[in-house]
Protein chains: 2
Amino acid sequence: MTLDAVAREAGVSLATASRALNGTTRVRDDLRSRVRAAADLLGYIPNAHAQALASSDGNRTVGLICHDVSDPYFAGIASGVMRAAAEQDLLVMLASTFREPAREIAYVSMLRAQRARAILLIGSGFQDRAWERGMDAELDPYVRAGGRVAVVSRHRSLRVDTVQPENRAGAAELAKALVALGHREFAVLTGPPELTTVADRLAGFREGLAQAGISLDRVVRGAFTREGGHLAARRLLASGGPRPTCVFAVTDVMAVGALAALREAGVRVPEDMSLAGFDDIPVVRELSPPLTTVALPLTEMGERVIALALRTPSGAGRSRVVRIDGEVVLRGSTGRPPHGS
Amino acid sequence: MTLDAVAREAGVSLATASRALNGTTRVRDDLRSRVRAAADLLGYIPNAHAQALASSDGNRTVGLICHDVSDPYFAGIASGVMRAAAEQDLLVMLASTFREPAREIAYVSMLRAQRARAILLIGSGFQDRAWERGMDAELDPYVRAGGRVAVVSRHRSLRVDTVQPENRAGAAELAKALVALGHREFAVLTGPPELTTVADRLAGFREGLAQAGISLDRVVRGAFTREGGHLAARRLLASGGPRPTCVFAVTDVMAVGALAALREAGVRVPEDMSLAGFDDIPVVRELSPPLTTVALPLTEMGERVIALALRTPSGAGRSRVVRIDGEVVLRGSTGRPPHGS
DNA sequence: ACCTTACCAGAAAGCGCTTTCTGAAAGCGC
DNA sequence: GCGCTTTCAGAAAGCGCTTTCTGGTAAGGT
């Protein structure tokens with residue numbers, strides 16, 4: 001069904017039919033209702049491609065690039081994006097990179113081809129020369145051509161609007177809270193260091209400890225997944241030397257894996273060892289003990305990032321930053337350190 | 001940057017430039033590389049809308065409609081869909097209905113307008129007259145026009161391809177396994193009865209019990225969320241009468257809430273009461289005790305449903321069904337019933 | 001040397017819309 | 001009643017591509 005057919009059915013011109021349905025200009029009421037009736041009768045569905053091609057203001061879609069929708073952190077943010085998009089009748093094109101930088105760049109290119117109104121990058125931020133160059137090469141012309149880009153996470157080089165969780169400050173706060181509980185011996189379970197998020201949280205935690213004159217000498221690296229956390233915790237326990245009294249996993253997802261590993265090794269949490277994470281994904285509240293973490297308002301972050309992207313670009317070309325504070329939430333997984341230690 | 005500009009830069013015609021980049025017909029090698037070079041130089045990005053409009057075979061997008069991405073059940077399936085889509089260079093347009101039937105219909109309409117190659121409905125299946133009529137009215141012309149539709153869940157009226165978890169059989173199996181543990185007094189925490197999934201699981205559980213000559217007389221209804229499960233469990237405990245020794249929540253998400261409610265009420269699981277769910281979303285393994293449930297291969301279901309949709313429509317117009325078996329997984333949340341009971 | 005194939009580049013016709021431009025009809029003041 | 005503005009419908013020009021169709025050139029057959 002084309003608009004042409006509708007116009008013919010209604011006995012008006014193509015132009016009138018278009019105007020009647022889109023309501024942009026005044027059309028006589030009787031003609032408008034005749035067109036509407038004809039469209040209903042014929043089951044007319046406009047062709048969004050033709051519309052996008054013909055009209056000046058692009059189409060009603062935004063692109064959302066994340067690592068993996070089944071990761072609760074992204075799912076939380078994505079949910080916020082979707083809700084905001086739904087309110088504005090926007091369709092979201094979702095792309096999962098599965099953590100491959102090359103795929104991320106390819107997706108930006110695809111979204112550019114789709115003339116997405118905005119491109120949102122969630123939890124991106126590889127610290128990788130090739131990725132940065134490629135990403136810049138894609139994003140720069142896009143922005144220059146009026147495309148909007150917004151990112152959740154810090155970006156070293158890209159001059160785009162960002163929603164930035166205060167990873168550094170949050171981790172520092174957490175460290176101080178843990179020190180206040182009496183801990184002195186810490187270990188951190190960290191992720192791929194090329195992600196800015198990881199680097200910031202680790203640095204922040206170090207800072208927080210440093211303020212109490214404590215140095216961090218146990219850092220175990222693992223993949224950014226539950227299994228990564230599990231493995232990292234096992235490696236921590238296996239490595240000799242005095243056991244830390246408190247472990248910080250840089251993401252809740254890793255902390256979940258770590259908790260399982262500790263339990264399997266017979267380490268009681270928090271009696272023998274305290275454990276904390278970061279993000280406050282929904283599941284951590286269900287663990288026993290529930291996890292101490294730094295809470296981030298994930299849904300709100302999603303809403304913020306899409307709002308940021310959709311706002312008209314700032315005149316001076318300065319990139320805007322929305323800072324999101326994390327809140328330390330002490331739960332059952334942390335307690336005072338064991339006496340003997 | 002338009003193709004026209006690229007063609008001019010390369011000193012060839014528009015048609016040649018198009019053919020050179022898409023590689024559909026033979027083009028002399030030197031011309032092809034000249035076009036490629038020109039496209040690179042100018043940073044040419046094709047306009048997907050123009051392509052879709054001009055070419056016969058639509059565009060490279062599929063639509064995915066689900067209730068909420070932040071629900072782990074959908075996230076698991078969506079992850080499978082995304083992975084399969086990525087392999088075929090398809091972009092996924094995701095729409096969250098937040099459980100509003102009207103929104104679901106509106107999204108189908110939007111996806112039709114976008115000329116999505118396929119429309120996937122996950123966990124849909126309202127049993128609601130108005131919804132069915134509206135959905136049919138959208139889907140029918142779409143399919144007739146060559147659009148593909150596939151659904152996860154059973155559909156009463158819609159003649160579309162479906163991926164169907166064996167909800168009924170799975171719940172029946174679960175019931176038998178629980179009876180085998182010694183339980184005789186059951187309660188079910190159920191969701192909105194207009195969802196076929198709920199109806200099937202409840203019916204299946206009843207059947208399984210019936211085979212052991214046990215009747216189910218405690219059914220508490222709640223929302224299809226963690227909070228719904230929490231509230232339903234609280235209501236169950238509050239209602240007088242003898243307590244059941246075993247509770248089945250029709251989804252794991254509800255079971256998670258129920259477990260929290262039981263714990264808050266001082267009911268030990270499984271010593272005082274056993275608890276089981278359905279779906280095997282990742283989180284249930286992390287609970288203590290880990291949840292007994294009926295495992296569904298969520299990622300695989302996602303891959304199946306998109307594969308189903310993308311296959312050419314079956315000649316006879318018969319709708320295909322892929323049945324997915326659930327597997328009962330007994331974990332720590334279920335045990336023998338308490339003695340005194 | 002001539003005619004037939006084969007191959008491939010270019011011209012041009014759309015795809016289904018939006019939007020400007022043009023013009024007819026109607027309303028207004030004098 | 002005449003020329004003015006105002007209102008609104010229709011004609012037509014694209015938007016940026018793909019894809020026929022046409023035609024020119026080189027290769028192959030006799």
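Tutor: Two strands are said to pair if DSSP finds at least two bridges between them, a strand being a DSSP run of E with at least two residues and a helix a run of H or I with at least four, both numbered from the N terminus. This is a predicted model, in which local features need pLDDT of at least 70 and side-chain atom pairs count only at pLDDT 80 or more, while totals for chains, interfaces and linings use all residues. Residues are numbered from 1 along each chain as written, chains are lettered from A and ligands numbered from 1 in the order written, and side-chain values use heavy atoms, without hydrogens or water.

Student: How do you know that strand 6 and strand 8 of chain A are joined?

Tutor: Four bridges join strand 6 (residues 186-190) to strand 8 (residues 246-249) of chain A, and the two run parallel; the definition asks for at least two bridges, so they pair. In strand 8, A249(A) is the bridge partner of L189(A).

Student: What makes the sheet of four strands in chain A open?

Tutor: The order is 7-6-8-9, with parallel pairing. Strand 7 (219-221) and strand 9 (274-276) of chain A stand at the edges with a single partner strand each, so one side of each has no neighbour in the sheet. Neighbouring strands are turned by 20° against each other on average, direction ignored.

Student: Which helix packs on the sheet at about 165° to strand 8 of chain A?

Tutor: Helix 8 (residues 167-180) of chain A does, touching strand 6, strand 8 and strand 9 of chain A, where contact means heavy atoms within 4.5 Å. The angle, on a scale from 0 to 180 degrees, lies between N-to-C directions of lines fitted to C-alpha atoms, for helices over the stretch in contact. Helix 11 (residues 252-264) of chain A touches strand 6, strand 8 and strand 9 of chain A, and its direction makes about 160° with that of strand 9.

Student: Why are the two copies described as related by a two-fold rotation axis?

Tutor: Chain B superposes on chain A by a rotation of 180° with 0.0 Å of shift along its axis (RMSD 0.0 Å), and the copies are thus related as by a two-fold rotation axis.

Student: What lies between N22(A) and a phosphate oxygen of DNA strand C, in distance?

Tutor: A polar side-chain atom of N22(A) is 2.7 Å from that phosphate oxygen; a polar contact is a pair of N or O atoms within 3.5 Å, so this pair is one.

Notes. A polar contact is a pair of N or O atoms within 3.5 Å; within protein, one must be able to donate a hydrogen and the other to accept it, and residues adjacent in sequence count only if both atoms are side-chain atoms. Copies are superposed by least squares on the C-alpha atoms of residues with pLDDT of at least 70 in both.
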